[in-house]
Structures are given as structure tokens and as C-alpha cells.
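This briefing covers strands, sheets, salt bridges and selected side chains. Please look over the sequence and the model, then read the notes by topic.

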Amino acid sequence: MQDLKIINLPKILDRRGNLSFIESENHIPFKIERCHWIYDVPGGEKRGGHAYRENQEFIVALSGSFDVIVNDGTEEKIYHLNRSYYGLYVPAMNWRQMENFSTNSLALVLSSKKYNAEDYIRDFTYYKTLKQ
Ligand code: TYD
């Protein structure tokens, strides 16, 4: 799983409350073109279950926790995200699914590309053939 990694973010501790931040092409290795977030996930639901041909992502649990399951076509790894001061960098061409959302969890997803349905690969069998 080359390049896929947890990235720790700056954490400014303050008795008034802590602060973290992300700068495009600094803390994460791409220019942020889009930001979306996932919230109000009913218990037991799963999101994702696809790969992107070109889009790169950085996923942060801003609140609560969830698992990101990443499969590179050979190997599968589960990342449990539960703090807002780190996130998971997912390069293009990785199959990823999000599940096990806690109540009131909030997932922030930063993307390197604008939304493009053509960039999605939604068939895992087909995805595996592309990775061979
Ligand atoms: P999708 O990425 O398929 O969600 P998930 O993988 O989490 O299940 O997106 C769900 C719907 O939202 C789909 O119809 C496309 C739309 N969408 C946008 O219009 N813009 C976006 O930036 C995203 C992420 C999704």
C-alpha cells in the first residue's frame, strides 16, 4: 500500500480549546479542489465501496469515530479514525469503504478533484482486473 498513510496534523493546545488545521499541498500531498462531509449516518450503514481513477482523498474523523477499509487489490487494511488531529491519505486507485460509524460521527473528506462520476470505479471485480 504505497503512499497510503495516516498523517498527523498540527495541534495547537490551548486551555480555551484545541485547534488543528490543514494546508493544501503542505500537510497533505495535493491541492484541495473539493470538500465534503458525511454525517447523520444510521447505525450499521456503510458508505463508499468504490475507488477513484484519479482523485486523491484525505479523510478525518472531525467528531466520533468510524473505520476506513482500504483494499489495494492485493491487501486489505482497516484504519480506525477517532481523533480530529490526524487523518488518512488515500491515493487514487485504492478501493475504500467507510463503516462502523459511531453516533453523531462527522467524517470530513478533502479531495484533489472536483466531483466527477466518470472517475468512480464501483465494481470491485473490475477494479481488481485494473490492478493486475
Ligand atoms: P458517493 O461518493 O457515491 O457516496 P459514498 O461513496 O459515500 O456512498 O456520493 C453519493 C451521491 O452524492 C452521488 O449521487 C454523487 C453525489 N456527490 C456529489 O454530487 N458531489 C460530491 O462531491 C460527492 C462526494 C458526492
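S5 and S10 pair in the antiparallel sense, over three bridges. Strands here are DSSP runs of E with at least two residues, numbered from the N terminus. Two strands count as paired if DSSP finds at least two bridges between them. The model is predicted, so local features need pLDDT of at least 70 and side-chain atom pairs count only at pLDDT 80 or more, while totals for chains, interfaces and linings use all residues. Residues are numbered from 1 along each chain as its sequence is written, and side-chain values use heavy atoms, with hydrogens and water left out.

**The sheet with S5 and S10**

- Arginine 47 has methionine 98 in S10 as its bridge partner.
- S5 and S10 belong to an open sheet of five strands, in the order S8-S7-S10-S5-S12.
- Pairing in this sheet is antiparallel.
- S8 and S12 are the edge strands, and each pairs on one side only.
- Strand S7 (residues 66–71) and strand S8 (residues 76–81) run antiparallel and are joined by six bridges.
- Isoleucine 69 stands opposite isoleucine 78 in S8.
- The hairpin of S7 and S8 has four residues between the strands.
- In that hairpin, glycine 73 takes a positive phi near 100°.

**Isoleucine 121 in S12**

- Strand S12 contains isoleucine 121.
- Is isoleucine 121 buried or exposed? Isoleucine 121 is buried, at a relative accessible area of 2%.
- Buried means under 20% relative accessible area, exposed means over 50%, and partly exposed lies in between (1.4 Å probe, protein chains only).
- Leaving out residues up to four places away in sequence, isoleucine 121 touches His50, Ala51, Arg53, Met93, Trp95, Tyr126, Tyr127 and Leu130. Contact here means heavy atoms within 4.5 Å.
- Glycine 49 is 72 residues from isoleucine 121 in sequence, yet their C-alpha atoms are 9.1 Å apart in space.

**The sheet with S1 and S4**

- Another open sheet has five strands, in the order S1-S9-S6-S11-S4, with antiparallel pairing.
- Strand S1 (5–8) and strand S4 (34–38) stand at the edges. Each has a single partner strand, so one side of each is left without a neighbour in the sheet.
- On average, neighbouring strands of this sheet are turned by 25° against each other, direction ignored.
- S1 pairs with strand S9 (residues 86–90) in the antiparallel sense, over four bridges.
- The bridge partner of isoleucine 6 in S9 is leucine 88.

**Salt bridges**

- How many salt bridges does the structure hold? There are six. The criterion is a side-chain nitrogen of Lys or Arg within 4 Å of a carboxyl oxygen of Asp or Glu.
- Glutamate 33 and lysine 114 form one of them, at 2.5 Å from N to O.
- Glutamate 33 lies in the loop between strand S3 (19–20) and S4, and lysine 114 in the loop between strand S11 (106–111) and strand S12 (120–121), so the pair ties together parts that are 81 residues apart in sequence.
- Glutamate 33 is partly exposed, with a relative accessible area of 32%.
- Lysine 114 counts as exposed, at 54% relative accessibility.
- Lys31, Glu33 and Lys114 are linked in a network of salt bridges.
- Glutamate 54 and lysine 113 meet in a salt bridge of 3.7 Å, N to O.
- Glutamate 54 sits in the loop between strand S5 (47–52) and strand S6 (57–63), and lysine 113 in the loop between S11 and S12, 59 residues apart.
- Glutamate 54 is partly exposed, at 48% relative accessible area. Lysine 113 is partly exposed too, at 37%.
- Glutamate 57 and arginine 96 meet at 2.9 Å, N to O.
- Glutamate 57 is in strand S6 and arginine 96 in strand S10 (residues 95–99), 39 residues apart.
- Both glutamate 57 and arginine 96 are buried.

**Nonpolar surface patch**

- Ile12, Leu19 and Phe21 form a nonpolar patch on the surface, with about 260 Å² of accessible area together.
- Patches are made of residues with over 30% relative accessible area and no salt bridge; like charges are joined within 9 Å, and nonpolar side chains (Val, Leu, Ile, Met, Phe, Trp, Tyr) within 5 Å.
- Areas come from the Shrake-Rupley method with a 1.4 Å probe; for residues, only the protein chains shown count as cover.
- Isoleucine 12 is in strand S2 (residues 11–12). At 43% relative accessibility, isoleucine 12 counts as partly exposed.

Key:
Axes fitted to C-alpha atoms, helices over the stretch in contact; angles between N-to-C directions.
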